[in-house]
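Please view the sequence and the structure before reading on.

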Amino acid sequence: MAVDMELEAVLRAPEIPQAKYPPKVITLANSKKMVVREAERRDVPILLKAVKPTMEIDRDFYDIVGARLYAELLGWYKHRVRNEYCLIGQIDGYVVGIVNGRMVNKDIGMSYHTLALDRGLRVGSHLFASKMEHHIEYLGQKEVWITAESPIGFRRWMIEYGLLEQEGIQHELGGANSYKLTREIYFETKPRLVAGTRPVPKRLLEQAEKEILVADEETITEKICGVKGR
Amino acid sequence: MMEELGITAYKCKKCGRVHYPFHDRCLSCKSREFETIKPEGAAKLLAYTQIFNLPWGFDVRFLIIGVVEFKNGVKAMGQIKADSLDKLKTGMKMKATWEPIRVQAGEDIYGLKLASIK
Amino acid sequence: MRDVAIIGVGMIPFGRRDEDTLLDMLAYASLKALDDAGLGDKSVDCVYVANMGAGILQHQTSVASALVDRLSLIPAAADAVENGPASGASAIKNGLLAVASGYYDTALVAGGEKMREVVGWKATDFVATMTHPEAEYPYGITLPGMAGMFTRLYMEKYGVTREQLLAIAIKNQKMGALNPYAHVEMVITKEGIYDSPDAVVNNPVAADPLHLYDMCPVSDGAAAVVLCPLELAKKIAPKSPVLIAGFGQATDTHTLQERDDPTDLKAVTLASQQAFEMAKLKPKDIDVAELHDAFTILEIAESEHAGFFKKGEGGKAAEKGETSIGGKLPINLSGGLKARGHPVGATGVAQIVDIVFQLRHELDKKRQAKNAKNGFTINFGGFGNNIVAFVLRRVE
């Protein structure tokens with residue numbers, strides 16, 4: 001479809017310049033190395049392929065997280081969400097998790113979604129922590145607003161981080177009361193929740209950057225649901 | 001906080017064994033006659049742990065729980081008031097108080113709270 | 001008393017089985033056991049169903065009556081057995097006694113639990129209901145918490161190290177990854193859960209000094225066995241029967257604090273001694289064991305209290321590989337509770353099923369204990385307050 005660039009210029013709001021997230025590598029419980037790095041806008045079509053099968057998984061709120069993340073990534077790709085960013089986790093090139101969020105303004109970050117495509121290795125937990133790291137340490141923000149769509153998310157984020165409940169303050173995702181992570185909470189929890197080392201060894205980074213590999217739909221579904229459908 | 005600890009222990013009238021919680025017959029001699037006693041004297045820390053992944057009903061990140069033995073032989077579990085295990089050690093003396101330990105159906109439930117003696 | 005043999009076993013993969021009800025799981029495992037025993041279109045005289053939590057988790061009671069109805073085993077006598085996490089072995093003991101007494105000839109024993117029906121912290125609360133309702137439960141103590149206190153005392157007294165606990169976790173997850181019935185199919189490494197700087201996040205403290213990977217998962221699952229007199233087994237069993245050579249059961253105080261020495265698992269020692277005595281065997285005669293490693297420390301402590309190692313030596317033996325496949329006494333080649341999973345009512349039955357697989361020599365060589373003749377199990381209830389041990393023997 002031809003894009004009317006004049007109108008498009010109106011629809012695409014100006015963006016705040018955003019600092020880049022420097023890639024890091026995390027050693028997982030099985031010794032696999034997960035590279036965590038910032039995805040580019042041009043990576044979105046391939047990431048959508050990874051998200052798509054989760055929209056059909058009616059388990060642990062994967063369907064709602066998948067559907068909303070799909071829309072958010074597409075919105076970012078087509079310049080309809082402002083100041084969005086997306087971090088991905090890759091093992092052997094394969095994308096195993098996706099997190100995203102955006103800058104509301106210089107000081108406030110809005111955490112969107114956390115999607116783990118491989119389970120049992122704390123991939124989601126590591127990526128959520130990376131997202132907080134990005135907002136506080138690299139985007140230099142004062143606070144991050146968070147809401148949870150699943151009980152797992154609630155337990156993990158609100159309780160493990162000790163987030164502050166914001167009575168009556170609406171998160172962009174809607175839903176229940178929002179919570180916030182402050183710089184103080186972040187630096188207090190960092191030693192036990194934020195993993196990873198920098199710089200990423202050259203070979204690992206090159207492998208990750210070369211191509212974002214996506215497992216087939218069946219494998220993604222199996223990894224999320226386990227193989228116990230037998 | 002209440003001054004008196006809400007624990008009632010049971011001392012066997014025949015052999016002197018101290019029980020808490022209640023048993024219908026003495027764990028040592030099977031006698032059924034007990035004298036009720038209260039925990040008395042300093043409490044010594046026998047065992048402790050810091051628990052994450054708490055059961056339904058606790059909206060905190062962790063609890064520190066321990067078992068103490070009072071001077072008069074009463075042994076009981078309690079919640080330890082501390083931010084970490086750094087300053088705890090098996091065998092150390094603890095101060096015991098009777099305070100809310102959880103909320104059930106909107107009501108405070110009281111129990112043993114322990115703190116290290118500075 | 002008659003000798004009693006196991007002539008059929010069945011198990012379904014443990015894990016999270018959203019698609020199955022508790023009764024579905026019990027029925028699937030039972031049908032497999034009946035088929036294995038060659039009784040696929042026959043009945044049995046009595047049925048024992050091990051389950052700890054249907055009343056709380058599923059709001060369902062009388063599961064034994066429900067199961068005989070599902071399986072068309074009416075009018076077999078049917079009882080449910082609730083004995084906490086030792087329900088499985090308790091149910092087998094009841095089936096064993098019913099057949100040994102001569103009153104019944106055939107017994108089906110099934111154990112099952114559906115714990116993933118509720119969110120994790122409700123499952124934790126459910127398991128904690130076995131603690132003392134006045135002296136323990138209100139404080140928020142959990143079974144991992146009990147294990148944490150026990151571990152610190154055991155470390156202080158016997159010098160058990162974190163490395164020894166890690167060795168158990170790594171060994172059992174490695175075996176679980178080879179077991180098609182196991183809940184956890186992921187190999188873990190010392191680097192990933194201990195050595196790497198990221199390990200502090202990967203493997204956080206769960207109940208100090210125990211960490212996440214010291215704990216068994218919360219699982220759904222079911223397992224079943226069919227029992228009959230040994231003499232009858234020799235005539236009708238399609239596969240080589242396995243003799244229940246001995247059993248033992250012992251109890252201890254409800255609360256850990258009332259034991260003279262909380263590190264002394266007296267009920268484990270007693271139950272094991274009874275089982276060995278009845279079987280006329282000694283710990284050294286055992287070729288393969290399934291121990292109740294709900295927490296890594298328990299595999300060490302049970303291996304010592306059952307008499308396989310001196311106190312303080314079990315952890316060292318594990319670290320040296322003596323309890324791994326090919327070692328002196330392979331323990332938990334199924335992956336144990338740590339990796340097979342721990343659907344509480346099913347576990348005691350699953351342990352027996354796994355030992356039967358071993359004694360029938362029908363496992364892949366990566367999991368098969370070589371020339372296994374005698375097997376041993378411990379099913380651990382409460383925090384050591386109700387223990388059931390079995391000695392099983394291959395019938396040549």
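In what kind of contact do the side chains of R394(C) and E396(C) meet? In this predicted model, they meet in a salt bridge, with 3.1 Å from N to O. E396(C) has a relative accessible area of 70%, so this residue is exposed.

Side chains of opposite charge can pair when their charged atoms come close. Over all chains, the structure holds 41 salt bridges.

| Salt bridge | N to O distance |
|---|---|
| R394(C) and E396(C) | 3.1 Å |
| K239(C) and D36(C) | 2.5 Å |
| E313(C) and K316(C) | 3.4 Å |

K239(C) sits in the loop between α10 and β8 of chain C, and D36(C) in helix α1 of chain C, so their pair ties together parts 203 residues apart in sequence. D36(C) is buried because its relative accessible area is 10%, whereas K239(C), at 36%, is partly exposed. A network of salt bridges also links R59(A), D60(A), R119(A), R16(C) and D18(C).

Chain C also has an open sheet of 9 strands with mixed pairing, in the order β3-β2-β4-β7-β1-β8-β11-β10-β9. Strands β3 and β9 of chain C each have a single partner strand, so one side of each is left without a neighbour in the sheet. From one strand to the next, the twist averages 25°. Strands β2 and β3 of chain C run parallel and are joined by 5 bridges; C46(C) has A77(C) as its bridge partner in β3(C).

T347(C) belongs to helix α15 of chain C. T347(C) counts as buried because its relative accessibility is 0%. Its side chain makes a polar contact of 2.6 Å with that of H342(C).

Conventions: Residues are numbered from 1 along each chain as its sequence is written. Chains are lettered from A and ligands numbered from 1 in the order in which they are written. This is a predicted model: local features need pLDDT of at least 70, side-chain atom pairs count only at pLDDT 80 or more; totals for chains, interfaces and linings use all residues. Side-chain values use heavy atoms; hydrogens and water are left out. Helices (H or I, at least four residues) and strands (E, at least two) are DSSP runs, numbered from the N terminus. Buried means under 20% relative accessible area, exposed over 50%, partly exposed in between (1.4 Å probe, protein chains only). A polar contact is a pair of N or O atoms within 3.5 Å; within protein, one must be able to donate a hydrogen and the other to accept it, and residues adjacent in sequence count only if both atoms are side-chain atoms. Two strands pair if DSSP finds at least two bridges between them. Axes are lines fitted to C-alpha atoms, for helices over the stretch in contact, and angles run from 0 to 180 degrees between N-to-C directions. A salt bridge is a side-chain nitrogen of Lys or Arg within 4 Å of a carboxyl oxygen of Asp or Glu.
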